[in-house]
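Here is a short briefing to read alongside the sequence and the 3D view. Take a look at both, and then let's walk through a few features together.

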Amino acid sequence: MADQELTWQGAVARGDRALFDAVAHRHWPGADRVLPRLGRAANHGLLWGGAAAAIAVFGSASARRGAVRGIASLALASATINTVGKWSVRRARPLLEGVPAARQLGRQPRTTSFPSGHSASAFAFASGVAMEAPGWGAAVLPVAASVAFSRVYTGVHYPTDVLAGAALGVAAGCVVRKVARGAEQARINPGNERPAADAPALADGDGLTVIVNKGSGTAAQAGLDLLRASLPKAEVVECEGPQLAEELASAAARSAVLGVCGGDGTVNAAATAALRAGIPLAVFPGGTLNHFALDLGLAGTADTCRAVAAGHAVKVGVGRFTPGPARAEPALDPTAVPAVEVLGERAEHGYFLNNFSIGAYPELLGHRLRWGPRIGGGPAALLASWKVLRAQRPVRLSLAGRSRAVWLLFAGNGTYYGTGPAPRRRTSLGEGLLDVRLVYGGGRPGPRMLAAAFAGPLTRSPVHAATRLRSLRVSEVPEGTPLAYDGEFALAPGAFVLDELPDALTVYRPR
């Protein structure tokens, strides 16, 4: 048995050396200038730290979570290798015979060869990002693979060192994901929103119409099966694309309760239809992003079904933006949606359940939506980030009659907690205030965004200001300026009013 084990180990070692020599002796055009530098950039995790910062500033909410999980996975993988991996298998570094001098590192590592720490860090970060934001993960993965290959290319690791490090990195990503999912479940904690006494109890779902957006990121058949079993008389309509708005309006007109299954953008459209019809809303989380459902305290389809059957609901505030130069007026009837005159055209109110923004983020979102269908979400996000960092200029506009240049104007429906210009967690949707944050113009957007990201909530710094308001007048907006609300993209009017409608929408939630 011992002889067989030695024979097997010898075969692996010979195969390892053969692969190492094959890489060393093969000419790779252009790689001599790229791969050694890429490996050095990844020293001490600097490459991945920079990537995480870029994703955190310019990525979506899921991308930011992915960046955080990527760094956490990297830290776990690095700690495991430095405390266990390097000292459990004391393997000597490869002999550099046959490796061209141009490829070799100026300073050779002195630690043991197995496993590869660079490979573990690279794949830990890539897996952490990919498990939360697949598009960004697809963009990061080729870089991670190149860093791992560079360790064989420069002669500091055998191929099996790299494979073991990559496997350890992926395992670290899975562990962090499991821990993070547990923490996310702990986040689902209902706030102190006022109970709604007028919400009907639909024990079997009669009077409920649920519009399912088939194009949403994570809408699962299992959730729809549970919905149909729990509320058998509910009408379920599956649609996507241009049909969505029409189906929502039709469902709101004929139903006692409007239900929606999709992400934040879909829920926003359903909330608008419910407000206009003056009926309650039932949210069945089923999108890539479900911030509204999480902040409301909904864990999934079962929670919403239970609340609809029992008639348990709460009143939540809704953010509103109204085109036109007029001051905000008291919201006496939030279900009434009058039109206002804007440059000779008629335009209605827009609503947001999560947040509204002008500046760097809408610019990035617009580029990403335009390029995504052609080159994929991850590459489009990277290209959009580069374009915004390189070419974006601050937006000069008037806030409450005062001229300002801003990189970002953010207005949240309710107070967000956590640091940064656009944090992502609320403890209540019923306080009736806008959380307004500004990143002032000057300098370049990247450093300003990073500086604002370290500013505490509702604090002031040279680049970041935050306050709570009931309404805000915005005017003198340059033509063609984009805006974003609940992940949707549009062009901003020349003037508009942001205001908060307290207790405007009835939404089902179990007690």
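A residue counts as buried when its relative accessible area is under 20%. With that cut-off, 13 of the 16 residues of helix α5 are buried, so this helix is largely enclosed by the rest of the structure. Please keep in mind that this is a predicted model.

**The chain as a whole**
- The protein chain contains 15 helices and 20 strands.
- Of its 511 residues, 50% are buried.
- Among contacts in the chain with a separation of 6 or more, 75% are between residues 24 or more positions apart.

**Helices**
- Helix α5 covers residues 117–132. From its first C-alpha to its last, α5 reaches 23 Å, close to the 22 Å expected at 1.5 Å a residue.
- Helices α9 (residues 243–254) and α10 (residues 264–277) have axes that come within 9 Å and cross at roughly 35°. The crossing of α9 past α10 is right-handed.
- On the α9 side of this contact are L244, L248, A249 and A252, which meet T266, A269, A270, A273 and A277 of α10. By residue type, the contact of α9 with α10 has eight nonpolar residues, one polar and no charged.

- Strand β15 spans residues 434–440, and seven of its seven residues are buried, so β15 is largely enclosed by the rest of the structure.
- L434, V436, L438 and Y440 point one way from β15, while D435, R437 and V439 point the other way.
- Strand β12 (residues 402–413) runs antiparallel to β15, and seven bridges join the two. In this pairing, L408 stands opposite V439 of β15.
- Strand β16 (residues 464–469) also pairs with β15 in the antiparallel sense, over six bridges. Here V439 stands opposite H464 of β16.

**Positive phi values**
- Most residues other than glycine have a negative phi, which makes the next two worth a look in your viewer.
- E476 has a phi near 55°, a positive value in a residue other than glycine. E476 lies in the loop between β17 (471–475) and β18 (482–485), and it is exposed, with a relative accessible area of 58%.
- D503 has a phi near 50°, again positive in a residue other than glycine. D503 is found in strand β20 (residues 496–508) and is partly exposed, with a relative accessible area of 25%.

Conventions
Residues are numbered from 1 along each chain as its sequence is written. This is a predicted model: local features need pLDDT of at least 70, side-chain atom pairs count only at pLDDT 80 or more; totals for chains, interfaces and linings use all residues. Side-chain values use heavy atoms; hydrogens and water are left out. Axes are lines fitted to C-alpha atoms, for helices over the stretch in contact, and angles run from 0 to 180 degrees between N-to-C directions. Helices (H or I, at least four residues) and strands (E, at least two) are DSSP runs, numbered from the N terminus. A crossing is left-handed if the near helix is turned anticlockwise from the far one by less than a right angle, and right-handed if clockwise. Contact means heavy atoms within 4.5 Å. Ala, Val, Leu, Ile, Met, Phe, Trp, Tyr, Cys and Pro count as nonpolar, Asp, Glu, Lys and Arg as charged, and the others, Gly among them, as polar. The expected span of a helix is 1.5 Å times one less than its number of residues. Buried means under 20% relative accessible area, exposed over 50%, partly exposed in between (1.4 Å probe, protein chains only). Two strands pair if DSSP finds at least two bridges between them.
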